[in-house]
Every structure is written in structure tokens, then in C-alpha cells.
Amino acid sequence: MYGHMETPDHWVRQLSLFRQIQTETGGFTEFVPLGFVHQNTLLFQQGLARSGPTLAEHLKIHALARILLAGSIHNIQVSWVKLNRKLSQLCLHAGANDYGGTLMEENISREAGATAGQYTSPEDFQALILEMGRIPAERNTKYSRMKIKLPVESVSSEISSEWAPVPEFA
């Protein structure tokens, strides 16, 4: 979790520790940066935490994770439940490569004050990903790709072949 009382130095040390653990165990399939949702938390109400991450911090932690975990933990997931549509897309541009999946009856973030929602339909996920020029793909828990959702030709004729999206998780 970031955006409560830590500093960027804490981020670097924590990500370095995750990388070391991954080297020893190979047990992580993804890293999911979770922004602190402050509105309804006792930690914030008692003055022990600030009011969550800034826009820049959301982008920096996803970019930093992509760089520091490169070659170790391959998937950086956007916690779309804590973020809105636009911020989720920005975090994907900053370094994340996984938009996550559907959650049923998510209550923790909502009770803390998140307003981004509990449910996003598969069609909405696909639209969010396509808007960014990426190709949506279904995957299983171990990140094996199950199927590409749309062929490259259907993404956008405005994207030149030089910049055509490559199939990757989004």
C-alpha cells in the first residue's frame, strides 16, 4: 500500500525486497500497487496518515515497479477498484500491464471510501484496453494467456503498422 505515510525510499526498499524474495522463491505472479483510500479509515481520522496518493505518486509507483521488478515479477496489475477509469489507463501507460479482473462483492475498498466501483463488465474492460491501443487478452491465475479477445485488424485503422499494438496483457 502506498500513499499513507511512506516515502519513495520506502517504495524502493520494498520493491527491492520483493525482487529478492522472487529470486529465492519464484512465488509471485504479479505485483499490485494498492493506493491508500483514506476517507473512512481510522488511520486518517486520527491524523496518522495523509489523504492518499497524488496523481504523480500513482504513476510513479507503477513505473518504478516496472523498472525495479523487470526480469523478476513480470506482471504489474492496476487496482482498478481503487482508481477511476482514466487513472487506471494512465497507470497502464506508466508501467502496468494487467488491468486485473472482475471482483464479486468487493467491500474493503468501498468501505474505505473508494468510488470506482465493484464491477466492470468484460466488455468495459475490453473497451478500456482498446482505447489505449492495446489488445485485450484473457488469462488464467498463472498468467497463461487463454485467448486474445480481438484481432489486431479490428483495433484501429488509424494506428500505423509501426505503432500497431502487440498482443500483451493489459
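These are my notebook entries on what I looked up in this predicted model.

**Overall layout**

I started with the secondary structure and found 6 helices and 2 strands in the chain. Read from the N terminus, the order is α-α-α-α-α-α-β-β. The chain has 170 residues, and 38% of them count as buried. I then looked at contacts between residues at least 6 apart in sequence: 62% of these join residues at least 24 apart.

**Nonpolar core**

Which residues have the most contacts inside the largest nonpolar core? I got Phe 31, Leu 69 and Tyr 99, in a core of 22 residues. Four helices each supply at least two residues of this core: H1, H3 (55–68), H4 (85–94) and H6 (122–131). As background, nonpolar side chains in soluble globular proteins tend to be buried together.

**Aromatic rings**

My ring search came to 5 aromatic pairs. One of them is Tyr 2 with Trp 11, edge-to-face, at 6.3 Å centre to centre and 85 degrees between the planes. The angle is over 60 degrees, so the pair gets the edge-to-face label. Tyr 2 is buried, at 3% relative accessible area, and Trp 11 is buried too, at 7%.

Next I took Phe 18 and Phe 28, also an edge-to-face pair, with 5.9 Å between the centres and 70 degrees between the planes. This pair links distant parts of the chain: Phe 18 sits in H1 (residues 8–25), while Phe 28 is in the loop between H1 and H2 (42–45), 10 residues apart.

Phe 31 is the name I had already written down among the core residues with the most contacts.

One more ring entry: the charged end of Arg 139 sits over the ring of Tyr 143, 4.1 Å from the ring centre.

**Salt bridges**

I listed 5 salt bridges in the structure. In one of them, Arg 50 meets Glu 6 at 3.9 Å, N to O. The cut-off is 4 Å, so this pair is counted. Arg 50 lies in the loop between H2 and H3 and Glu 6 in the segment before H1, which puts the partners 44 residues apart. Arg 50 is partly exposed at 28% relative accessibility, whereas Glu 6 is buried at 13%.

Arg 50 has another salt bridge, to Glu 57, with the closest N and O atoms 2.9 Å apart. Glu 57 counts as buried, at 16%.

Then I checked Glu 131 with Arg 85, where the closest N and O atoms are 2.4 Å apart. This bridge runs between helix H6, which holds Glu 131, and helix H4, which holds Arg 85, 46 residues apart. Arg 85 is partly exposed, with a relative accessible area of 40%. Back to the Arg 50 bridges: shared partners join Glu 6, Arg 50 and Glu 57 into one network.

**Ser 72**

Ser 72 is buried, at 10% relative accessible area. Leaving out residues up to four places away in sequence, Ser 72 touches Arg 19 and Gln 22.

Note on methods:
Residues are numbered from 1 along each chain as its sequence is written. This is a predicted model: local features need pLDDT of at least 70, side-chain atom pairs count only at pLDDT 80 or more; totals for chains, interfaces and linings use all residues. Side-chain values use heavy atoms; hydrogens and water are left out. Rings of Phe, Tyr and Trp (its six-membered ring) pair if their centres lie within 6.5 Å; planes under 30 degrees apart count as stacked, over 60 as edge-to-face and the rest as tilted. Buried means under 20% relative accessible area, exposed over 50%, partly exposed in between (1.4 Å probe, protein chains only). A charge sits over a ring if NZ of Lys or CZ of Arg is within 6 Å of the ring centre and within 35 degrees of the ring normal. A nonpolar core is a set of buried Ala, Val, Leu, Ile, Met, Phe, Trp, Tyr and Cys residues joined through side-chain atoms within 4.5 Å. Contact means heavy atoms within 4.5 Å. A salt bridge is a side-chain nitrogen of Lys or Arg within 4 Å of a carboxyl oxygen of Asp or Glu.
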